[in-house]
Amino acid sequence: MSATSSPAAPVAATSLAPGIVAAAAFACADVLGKVVFRSGGDVLTLLSFRSVVGIACFAAWLRLGGRPAPFSPRERAIALGLGLLFAVTVYCVFEAINRMDVPTAILAYFVYPLITGLVAGVTGLERLGWRGVAAAIVAFLGLALMIGAHPGELAFVGVAFSFVGAVSRAAMLLISRALLAKSDARSITWYSLLSSTVVFVAISLATRTWHPPHTGVGWAALAAISVVTIIAILATFISTSRVGPFRTALVMNLEPLLTALGSALVLGDVVTPVQALGGAIMLAALVAFQLRR
C-alpha cells in the first residue's frame, strides 16, 4: 500500500473503527484456529478450506466494488510470488498456534514490523536512527521476558515457526514497498491469495491431506475463521483508505492484546503477570518504533 498519512493529523475516533474491526477479526481467527486444532483439524486442512472460501469472497467484493486497473505482466509475476511468501507466513503462524499457546505465538510473530524496519534501515529504504534501534532492542527484550516467564514447558519449535512467519511477512512488506509501491493493493492481494490458495490446495491433493474437525464446534470454528479472515482483510482496506497505512499499522497492534483476551475467555489460556509485563513492554516499544517516523 503506497498511500501515506501524517501521524500528526487529527483523526475522528469513528475513522479508526475499521482498523479496530480488522485487528479484532484477525484476533478471532487466531483463537478460532486453536479451536479447530483442539477438535482434530490440522493446519493444511484449515488453510486450504479458508483459502478457497476467502478467495471466493474477495472475488465477489472486487466485482461489486469495481475492478482495479489491470496489472502488467511484471506486476502480476511479483504479486504471485508474494503469494508464495504469504503461504509460508500463514502456515508458520498457524503451525505455531497449533504447537503452543495462542498469545505467545502471536506476540512472537509480531516482531515482523521490527524486522521490516531494521532491514529497511540497513538497506536504505528508510531512515532508522538511534531511537528506532533503541525501540527495537526494548521490544525484543520484552518478548524475551514474556517467553522466559512462560509457565511450564514452552514449545520452542512453535516460537521458531512464529519467527519464520515474521521473517516471511517482513519480506513481503519489503518487496511490496520496493517493487509494487505504486500498484493497486487490491490487485496485489488478489494475486497473492490466488497463488497461495493454489499452493495449499495442490499440497492437500498431492498428500491426500484432509483432516477436518471431529466436532460440531470445530466445524463451526472452521467456517467462522473463513468469514472473519475476509472481514479482516476488507476492514484493513477500508481503514487504509480512511486513515492511511501508518495509523492502520498502529491500530493493528491491538491484535496481540485482543488475542490474549480471546484466548483467556475461549480457550482458558493463562497469562502470568510477568508475561503480561513483557508483552506490554514489547507492544509499547513496537508503537514507539513505528512512531519514530
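Q: Where does H214 lie?
A: This is a predicted model, in which local features need pLDDT of at least 70 and side-chain atom pairs count only at pLDDT 80 or more, while totals for chains, interfaces and linings use all residues. Residues are numbered from 1 along each chain as its sequence is written, and side-chain values use heavy atoms, with hydrogens and water left out. Taking helices as DSSP runs (H or I, at least four residues; strands are E, at least two) numbered from the N terminus, H214 sits in the loop between α8 and α9.

Q: Is H214 buried or exposed?
A: Buried means under 20% relative accessible area, exposed over 50%, and partly exposed in between (1.4 Å probe, protein chains only). The relative accessibility of H214 is 69%, so this residue counts as exposed.

Q: Which residues does H214 touch, not counting those up to four places away in sequence?
A: Contact here means heavy atoms within 4.5 Å. With the residues up to four places away in sequence set aside, H214 touches S39 and G40.

Q: Which residues have the most contacts inside the largest nonpolar core?
A: A nonpolar core joins buried Ala, Val, Leu, Ile, Met, Phe, Trp, Tyr and Cys residues through side-chain atoms within 4.5 Å. The largest such core has 49 residues. Those with the most contacts inside it are L46, F94 and I97.

Q: What is L46 in contact with, leaving aside its neighbours within four places in sequence?
A: L46 belongs to the largest nonpolar core. Beyond its neighbours within four places in sequence, L46 is in contact with G33, V36, F37, F94, L222 and I225.

Q: Why is the pair of W61 and F237 called stacked?
A: Rings of Phe, Tyr and Trp (its six-membered ring) pair if their centres lie within 6.5 Å, and planes under 30 degrees apart count as stacked, over 60 as edge-to-face and the rest as tilted. W61 is in helix α2 and F237 in helix α9, 176 residues apart. Their ring centres are 5.6 Å apart and their planes are at 25°, so the pair is stacked.

Q: What kind of aromatic pair do Y109 and F110 form?
A: Y109 is buried at 11% relative accessibility, and F110 is buried at 2%. Their rings are 5.9 Å centre to centre, with 85° between the planes, and the pair is edge-to-face.

Q: What volume does the largest cavity have?
A: On a 1 Å grid over the protein atoms alone, a cavity is a set of points where a 1.4 Å probe fits but cannot get out, whereas a pocket is an open set with protein on both sides within 12 Å along at least five of seven lines; lining residues have an atom within 4 Å of a point. Points are joined across faces, edges and corners, and a volume is the space filled by probe spheres set on them. One cavity of 30 Å³ or more is counted, and the volume of the largest cavity is about 100 Å³.

Q: Which helices each supply at least two residues of the lining of the largest cavity?
A: The lining includes R50, F86, L193 and I233. At least two of the lining residues come from each of α2 (43-65), α8 (185-207) and α9 (216-251).

Q: How much space lies in the second largest pocket?
A: Its lining includes A59, R67, W190 and Y191, with α2 and α8 as the elements that give two or more residues. The space in this pocket is about 260 Å³.
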